[in-house]
Amino acid sequence: MQPCGRLYVDHAATTPVRSEVLAAMLPHLGEHGFNASSLHAEGRAARAAIDAARTTIARLLGAKSREIVFTSGGSESDTLAIVGGACAARRARGGAHVVTAATEHVAVLAAMDVLRERGFTITVLGVDSEGRIAAEDFDRALRQDTVFASLMLANNELGTIHPIADFARLARAQGVVFHTDAVQAVGRIPLDVDTLGVDLMTLSAHKCYGPKGVGLLYVRDGAALVPLVVGGPQEAGRRAGTENVAGVAGFARALDLAFAERPLEAARLALLRDRLETGLCAAIEDVRINASGALRLPNITSVAFAGIDSTELAIALDLAGVAVSAGSAC
């Protein structure tokens, strides 16, 4: 899956499609590539494939099938959750205050900019030296006019895992709709929507060996959304557009494999991460492992080398046959 002699260690940016996932997709890219909204037998077969995928994913997440909305990816899911969710919450409650954090993915922060343009006030929480958000800071940020909050489950650059269940509990006590971007967490830590207690959750297929161009938004029963993509009744009216049957089928297969393999795979990755970090610190002076004191994802390491520009280092490593990122690819 990679050029001979090269080492690809940028799976936080994207993962290659697994052979089992491709096998699940291929029929829907070829002889069974029909429109799931059509009423004829071929269309009904495509609809059945989407329904089966939705059932599988809902089971894995501890959700109901009707709570799963398929999208084009993590960025669209974040935008739908934040813009659609906050606007719906403002209609219901009248407030226009939203809480997020400075270390969120750019898709979240860009959606917050859209809310500002629509008259919302945004509180952006800072983090400590380990990339952690303090629960007391979040609690203090909640106001009488707060209607929505979005905090990521695990950071895509540092790997820091946040106590989302605690944040969601604080939000729920004040009637605040809570969203989490859980894109980086799939296959790395347990994911159950009831345990997390969130109203909305974003996932993306290409972070767990699935195809690019497909994601989902978990929408808890009762959580309202103003749709952003209109023009059809798909996804129960929450996201219009002809369904990506092949992508959805591949997403379900990728998630099924990721959830089944997570315990052993997460332990394996943590050992590799720790071995790498120990070796770097032993071999090179003035090395800092960022967020080393925080609870982290097992597959992400963030390393700082004194006096070395990160972009120049990433380029040098690329020329040496090692693919890394100096930060988020986005």
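Two strands count as paired when DSSP finds at least two bridges between them. By that rule, this predicted model holds an open sheet of seven strands. The strand order is β2-β8-β7-β6-β5-β3-β4. The pairing is mixed. At the edges lie β2 (68-71) and β4 (121-125), each of which pairs on one side only. From one strand to the next, the twist averages 20°.

Start inside the sheet, with β5. This strand spans residues 146-150 and is mostly covered. Five of its five residues are buried. In the strand order, β5 sits between β6 and β3.

Take the β3 side first. Strand β3 covers residues 97-101. Three bridges join β3 to β5, and the two strands run parallel.

Strand β6 covers residues 177-181. Again the two strands run parallel, and three bridges join β5 to β6. Here Phe148 stands opposite Val177 of β6. How does the chain get from β5 to β6? It crosses through helix α6, residues 164-173. This β-α-β crossover is right-handed.

Move on along the sheet to β7. This strand spans residues 200-204. β6 and β7 pair in the parallel sense, over three bridges. Look for Asp181, which stands opposite Thr202 in β7. Beyond β7, the strand order continues with β8 and ends at β2.

This end of the sheet brings in a helix. Helix α8, residues 245-283, lies across β2, β7 and β8. Strand β8 comprises residues 215-219. The helix runs at about 75° to β8.

Helix α8 also packs with another helix, α2, which spans residues 41-61. Their axes are 9 Å apart, and the angle between them is about 25°. Angles under 35 degrees count as roughly parallel, so α2 is roughly parallel to α8. The crossing of α2 past α8 is left-handed.

Which residues of α2 and α8 meet? On the α2 side, they are Ala46, Ala49, Ile50, Ala53, Thr56, Ile57, Arg59, Leu60 and Leu61. Their counterparts in α8 are Val245, Val248, Ala249, Ala252, Leu255, Asp256 and Phe259.

Strand β5 pairs in parallel with β3 and with β6. β6 in turn pairs in parallel with β7. Helix α8 lies across β2, β7 and β8, and packs with α2.

Note on methods
Residues numbered from 1 in each chain as written. Predicted model: local features only at pLDDT ≥ 70, side-chain atom pairs only at ≥ 80, totals over all residues. Heavy atoms only, no water. Buried < 20%, exposed > 50% of the residue type's maximum accessible area, 1.4 Å probe, protein only. Helix = DSSP H or I, 4+ residues; strand = E, 2+ residues; numbered from the N terminus. Right-handed = clockwise from strand over helix to strand, strands pointing away. Axes fitted to C-alpha atoms, helices over the stretch in contact; angles between N-to-C directions. Contact = heavy atoms within 4.5 Å. Parallel < 35°, antiparallel > 145°, perpendicular 65-115°, else oblique. Left-handed = near helix turned anticlockwise from the far one by under 90°.
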